[in-house]
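Q: I'm new to this one and would like to learn how to read it. Could you walk me through it, feature by feature?

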Amino acid sequence: MANLTRDFFIALSNSEFLNENARKWGFRLGAEKFVAGTDIYAAAKKVRELNQHGITVTLDNLGEFVYDREEAIEAKNQILNVIEQIHELELDSHISVKLTQIGLDIDKDFCLENMRDIVAKANENHIFVNIDMEKFVHYQPTLDLLKELRKEYKNVGTVLQTYLYRTEEDLKELKDVRLRIVKGAYKESEDVAYQTKEEIDANFIKVVKERLQGEAFTSIATHDHHIINQVKKYVEENNINKDKFEFQMLYGFRTEMQYALAEEGYRFCTYIPFGNDWFGYFMRRLAERPQNMNLVLKDTFYT
Ligand code: FAD
């Protein structure tokens, strides 16, 4: 049953028709609990609140399903504006970008050019750029683009998903790159990905331990307290410097735990999505945690 519910919401997240229409609806279905507004100024208020509690942020100007060059350039310009605003408003934030938003499905070289502009501008402003990892079909192209970008810039990294069998292998290749480790949000086949929570969790712990033995910075992105507790224990037992890693969670999830971890002295970063393109992101969150459906029902029937 849990798998069927997950598959249902993932299928909705993949619907171009619904994504397209949701852009016109404005916020619906309780999405504002997880998406911090439709523009950078609304998001900046949330960034400030978190910064005041010693929490840093990664901002995601939401967007996916872009198959048109003009739209991709528009998305790039919006991201350049986010970088400017981070600088001008003196926000403690880096940015997260999805390559499909800036042309990966149109042409890889075109996407690389757009990404170069983004990473160059971020570099001028000492801002880190994280490339979010999307579906497996985009996995190798994402790593290829990252490799190209890193020939010129060091302020760019990406995400590894521990549901993929090949993560451990890629870890070696990316040992000098700042990485975010996640379980993985998409539906992937058993040809490429573990299917059970036990296997995915075990791989998560294995990958994180390996990263913490290396030098590069790691973002441990999970809401799973079992994993967080294991990481804390490992760090303590092995005398690992707390500056080598941070915990990350999504905006609107386990907020009290986010503040508590920051208060305990761990580096903490909240992922804040904003923008009109909220539908696919929101459906993936429902896929992970159908309990969030309560919010949808409340929003639909009681407002
Ligand atoms: P789950 O496996 O969903 O939950 C494990 C357990 O934790 C649950 O059984 C429950 O006991 C507890 N729990 C979880 N959530 C809650 C809650 N809200 N309240 C109470 N208990 C809870 N995926 C990608 O594929 N690409 C990306 O680039 C990417 N970036 C991400 C960035 C961040 C900052 C985060 C946090 C996630 C990102 N993800 C990304 C999504 C990720 O892959 C997972 O799909 C998502 O985080 C759900 O897995 P989980 O590790 O949080 O725990």
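Q: What is the mean pLDDT of the protein chain?
A: First, pLDDT is the predictor's confidence in each residue, from 0 to 100. Here the chain's mean is 90, and 90% of its residues reach 70 or more. This is a predicted model, where local features need pLDDT of at least 70, side-chain atom pairs count only at 80 or more, and totals for chains, interfaces and linings use all residues. Residues are numbered from 1 along each chain as its sequence is written.

Q: Where does pLDDT stay under 50?
A: Look at residues 299-303. The model has 3 contacts beyond four places in sequence for that stretch, a contact being two residues whose C-beta atoms, placed from the backbone, lie within 7 Å.

Q: At what angle do α4 and α5 pack?
A: Helices (H or I, at least four residues) and strands (E, at least two) are DSSP runs, numbered from the N terminus. Axes are lines fitted to C-alpha atoms, for helices over the stretch in contact, and angles run from 0 to 180 degrees between N-to-C directions. For α4 (residues 69-88) and α5 (residues 108-124), the angle is about 10 degrees, with the axes 9 Å apart. So α4 is roughly parallel to α5, the label for angles under 35 degrees. Among the residues in this contact are Ile79 and Ile83 of α4 and Phe110 and Ile118 of α5.

Q: Which residues come nearest to the ligand?
A: A residue is near a molecule if its C-beta atom, placed from the backbone, lies within 6 Å of it. Of the 21 residues around the ligand, Asp132, Val182, Ala185, Thr222 and His223 come nearest. Strand β7 (245-250) supplies at least two shell residues, as does β4 (156-161), and β7 gives the most, with 3.

Definitions and conventions: Parallel < 35°, antiparallel > 145°, perpendicular 65-115°, else oblique.
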